[in-house]
Amino acid sequence: TITRPNLSGQLEEAAQHYEAVVVAGGDGSISRVVDVVAGMKRKPKIGLIPAGTGNDLARSLGIWPVYRKGGVAGLLRMILRGRTAAVDVMQLNGNTLFANYFGMGIDARIAQDFDEVRKRPFYQTLCSYGLGKVLYGFLGLRALTHRIRSPITLRYKSRRWGEMEVVLPGNICQVLVTGVKTYAGGMVLSSRNSMNDGRFEVTVIPGVRQWFTMHMSRVFRKPFDVFYPDLVHFQTDSLEMRFEGAACCQVDGEVYAPQDGSEHCIAIKVYNRVEMLVP
């Protein structure tokens, strides 16, 4: 099926008649499919053909190696076998569903810049030749001076301690909310991640040194929390973030704009699960 601009409407119309829906695209495209399927009464299985820049959901589910080894034909054989794994779906501010990650700070600024430049003909040509990651890396270096200027108050539920509150100072690099095992094209944030335990993970990156270590951790093939065990890092099923002023935010690589006003609230909770087709 060639998707129309109104992907959500088309998917709702067609998916109810099928056992599975397969999407070819990146994490942002998959997120739009998850947003529809997770809200359906009879949920079809979701298959994916990774064709994006990071493809973190595919990496987390073990789909990426199948694609690298067997191509689309290998993926289709995997899909037709019908094996599935449950994946938690989160809800953002009561109206947006996602399965991968939410970010505020440097990564969101990169996503915003990437979204702007890839619409230009020259950069479209670069991406068509498989140089999207190179462009993303350049934009990442350019965004290193970006900071979240406002202090942020995090309120969340801990299974052990109940209601908790953490106040982050201003001028930090990044806050990440992740449901998948890998982030930013294969980097593992946590050694404790599970994609179907009814919880997501929150990681705070305070400075550039930690940001670089996070991205270099993939070279050493170790989770990021091994290098910085004392950073603010926790698991929860419900989170509220309050801050003032402007902040760059993204969901699954797509720009997300908080509501208007001088004070903003980001509320995230576990919504339900979808079944993903896996090896």
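Predicted model: local features only at pLDDT ≥ 70, side-chain atom pairs only at ≥ 80, totals over all residues.
Residues are numbered from 1 along each chain as its sequence is written, and side-chain values use heavy atoms, with hydrogens and water left out.

**Overall picture**

The protein has 9 helices and 16 strands; these are DSSP runs numbered from the N terminus, with helices being H or I of at least four residues and strands being E of at least two. Of its 279 residues, 48% are buried, where buried means under 20% relative accessible area, exposed means over 50%, and partly exposed is in between (1.4 Å probe, protein chains only). Among contacts with a separation of 6 or more, 73% are between residues 24 or more positions apart; a contact means heavy atoms within 4.5 Å.

**The sheet around E8**

Six strands line up in an open sheet in the order E12-E11-E8-E5-E14-E15, with antiparallel pairing. Two strands count as paired if DSSP finds at least two bridges between them. E12 and E15 (254-256) stand at the edges with a single partner strand each, so one side of each has no neighbour in the sheet. From one strand to the next, the twist averages 20°, based on axes that are lines fitted to C-alpha atoms, for helices over the stretch in contact, with angles running from 0 to 180 degrees between N-to-C directions.

Strand E8 (residues 174-178) is mostly covered, with 5 of its 5 residues buried. Gln 174, Leu 176 and Thr 178 point one way, while Val 175 and Val 177 point the other way. The pairings of E8 look like this:

| Partner strand | Bridges to E8 | Sense | A bridge pair |
|---|---|---|---|
| E5 (residues 101-105) | 5 bridges | antiparallel | Gly 105 with Gln 174 |
| E11 (residues 200-205) | 5 bridges | antiparallel | Thr 203 with Leu 176 |

**The second largest pocket**

The second largest pocket holds about 190 Å³ of space. On a 1 Å grid over the protein atoms alone, a pocket is an open set of points where a 1.4 Å probe fits, with protein on both sides within 12 Å along at least five of seven lines; lining residues have an atom within 4 Å of a point. Grid points are joined across faces, edges and corners, and the volume is the space filled by probe spheres set on them.

Its lining includes Tyr 156, Trp 161, Arg 192, Arg 199 and His 233. Strands E6 (152-158) and E12 (233-236) are the elements that give two or more residues to this lining, and E12 provides the largest share, 3 residues. By type, the lining splits into 4 nonpolar, 3 polar and 4 charged residues. Here Ala, Val, Leu, Ile, Met, Phe, Trp, Tyr, Cys and Pro count as nonpolar, Asp, Glu, Lys and Arg as charged, and the others, Gly among them, as polar.

**Two loop residues with positive phi**

Asn 93 sits in the loop between strands E3 (84-92) and E4 (96-98). Its phi is near 50°, and at 22% relative accessibility Asn 93 counts as partly exposed. Arg 221 lies in the loop between helices H8 (208-220) and H9 (224-227). The phi of Arg 221 is near 55°, and this residue counts as exposed at 77% relative accessibility.
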